[in-house]
Amino acid sequence: ADEGMWLPLLVKRLNHADMQKKGLKLTPEEIYDVNNASLKDAIVQLGGFCTGEFVSKEGLLLTNHHCGYDAIQSHSTTQNNILQNGFYAQTRADEKANPGLFVDILVRMEDVSGKVLEGITPQTPEAERTQLVQQRQRELANAAKENGQYVAYVRDMFAGNEFYLFVYQRFGDVRLVGAPPEAVGKFGGDTDNWMWPRHTGDFSLFRVYASKDNKPTAGFAADNVPYIPKKHLPVSLQGVSEGDFSMVFGFPGRTQRFLPAAGLQMTLDQSNPARIKLRDTRLKLWKEDMDRDPALRLAYASKYASIANYWKYFIGQNEGMKRLKTVDQKKGEEAALAQWIAADPARQQQYGTVLQDINQAYEGLRQYNLSSQYVNEAAFGTEILTLASRMMPLYQALKGTDKAAVQKATEDLKEPVAEHFKDYSAATDKKVFAALLGLYMQDVAKEQQPDVFQTVQKQYGGSMPKYADYVFGNSLLTSKAKVEAFLAAPTAAKLEADPAFKTFQSVYSNYLQNILPKTQALQASLVRANRLYVAALRQKNANKVYSPDANSTLRLSYGTVRAYKGRDAVQYNYYTTGQGILEKEDNTNPEFVVPAKQSQLLQAKDFGRFADKNGTLPVAFITDNDITGGNSGSPVINGRGELIGLAFDGNWEAMTGDLAYDPDLKRCINADIRYVLWCIEKLGGAKHIVDEMTIVNNGPNPN
Ligand code: ARG
């Protein structure tokens, strides 16, 4: 169908008629309503990074395996490796608590553009505008929090042309209920990631718990009870056919569809190559050690998966930008916009030199961009410097005189420190440190480098591995025992003398003093230019209804089940089956292992009520819904509001989708709900979990 991650609040006005044409049977109020239960009440943002949906009246939540991955790993040991073997809670008592994990459920959203922009005119000086806008956003959010009862924030849309308030309930007791073996949940590994055709059972199960009066709690409490959601999704076993209506409801993280050509160019030839190179280096070093040591393989599993996921994303994005000539396309649009502005004095007055301003800002940003990338991906690509950065609040407290502040900062560190060392190998991190900081010293302009590199030159003959020996040989940040001893009697002097902390300080102060002031000024000029650019585009193309870029707020996208043509002579089908799992099976390759029981069940065609009409086991299907990262775990819903799948990925041909949308190529990859249920019931032997769901049979999907 169409580009668009729509705000549910506006669906009634903007999309509903078109959705009906495609097969939607629900009213706008059944999708989004503040006063009565509606679909939105079944959708949660999981941990701020994924989406989940209620599938039972007792708070059972379905999301992706890769969304639950970190939690699943945290409950795994080499003796009881539930990441590898899978896990289904037999009783409520077996459900596993996950400190720090929360879900947000939207209470309401509101267009507050009028309130935020009141009295602001094109003549308002930019600094004054920024100050007013920020202050009003804060005030509106604070008022909506109702004394801490809700989580609330205002997000800008269309580069600061519009503002929306979001009010949530946050539930801090979210327990793991089940997950398939990793060989199912991550079948195909990094090789299949971001690609179709797919055979991954990318699901996991959680349960949201609440107080006895169904209210959110900040964390786990033993006497909490399952949350009763206002709405849960019925599950349809009808299956999908091409052309069926599909909608995806969830929390897409970030798109940059309004990024100007100069920004695309910088991504293409600076940011992405740097990220790819640095991640490639880090992943190889991690993998070397993970392959040698099963305990390390488990400890680094989640970090590895998340770094590898976007490593491949950046590669695909760059390949796609070249193939689809994304920069040239944008340049063409900008040339047309420039003409449109020049054609009318009123437009000239309003939009002035917006395109020149943008290009000039990027000219400047290009001078510093590599430094920023290397701080993020090289310096903070090492775990020890990330831990060092965590010490900053404590260090600042220690420099002051407030004893209570020191105590609080010390207390605040306990959990992150435990978390850090739970999955840490100093020996591995040392190799990464030597390699990544070595690249930093080699690739970034000399005059933008931190002082510490001079020390490396003078005292270590320019050898980063030798410097790494010194840092890891002498820092207290390499072991949990040493950090705990330090936290028992912290002083500023101890941190100042620590070589890892000193390295961090050098990198960070260089960034704060020499890089950030330059990029901040340029970014500030871009804020205004981007706002005008987006306003001009929307005015020029007044007939086109734009949807705002994704920004981790609740969105709905709609479309249909739809095959695609990948490239010349290659036509992809819209669904995959269990047969494809057996075809990909390779028990000598960890990414394509098929557990023996699964292989047997597939060969015996033991599919029960989950079989398709032709007797095959449906595994995954594609739709043309417009989604991005953060949508992971989102429900795919048919025209009657029933769950038919779980969105979990995008396809290789459309890796530029976050920057530019191509309707012919972009597809959303979904696990078929029947495969998910088959994995739970037949493969996992956990029928009691499926029985909690509301299975409906209302006939074929609308289209
Ligand atoms: N590419 C998916 C996403 O970002 C994540 C897939 C996880 N699977 C994997 N093999 N790493 O939505």
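The ligand is surrounded by a shell of residues that includes His66, Lys186, Asp190, Trp194, Asn309 and Asp649, each with its C-beta atom, placed from the backbone, within 6 Å of the ligand. This is a predicted model, in which local features need pLDDT of at least 70, side-chain atom pairs count only at pLDDT 80 or more, and totals for chains, interfaces and linings use all residues. Residues are numbered from 1 along each chain as its sequence is written.

**Ligand shell**
- By class, the shell holds 2 nonpolar, 6 polar and 3 charged residues; Ala, Val, Leu, Ile, Met, Phe, Trp, Tyr, Cys and Pro count as nonpolar, Asp, Glu, Lys and Arg as charged, and the others, Gly among them, as polar.
- Helix H9 (189-192) and helix H12 (301-324) each contribute at least two residues to the shell.

**Secondary structure**
- The protein chain has 28 helices and 22 strands, which are DSSP runs numbered from the N terminus (helices H or I, at least four residues; strands E, at least two).

**Burial and helix H19**
- Of the 703 residues in the protein chain, 46% are buried, meaning that 20 or more other C-beta atoms, placed from the backbone, lie within 10 Å of a residue's own.
- Buried residues of H19 (residues 426-443) include Thr428, Val432, Phe433, Leu436 and Tyr440.
- Among the elements that cover the buried residues of H19 are helix H10 (261-292), helix H15 (354-379) and helix H20 (452-459).

**Overall dimensions**
- The C-alpha atoms of the protein chain fill a box of roughly 75 × 75 × 60 Å along the principal axes.

Notes: The expected span of a helix is 1.5 Å times one less than its number of residues. A residue is buried if 20 or more other C-beta atoms lie within 10 Å of its own, exposed if 12 or fewer, and partly exposed in between; C-beta atoms are placed from the backbone. Two residues are in contact if their C-beta atoms, placed from the backbone, lie within 7 Å.
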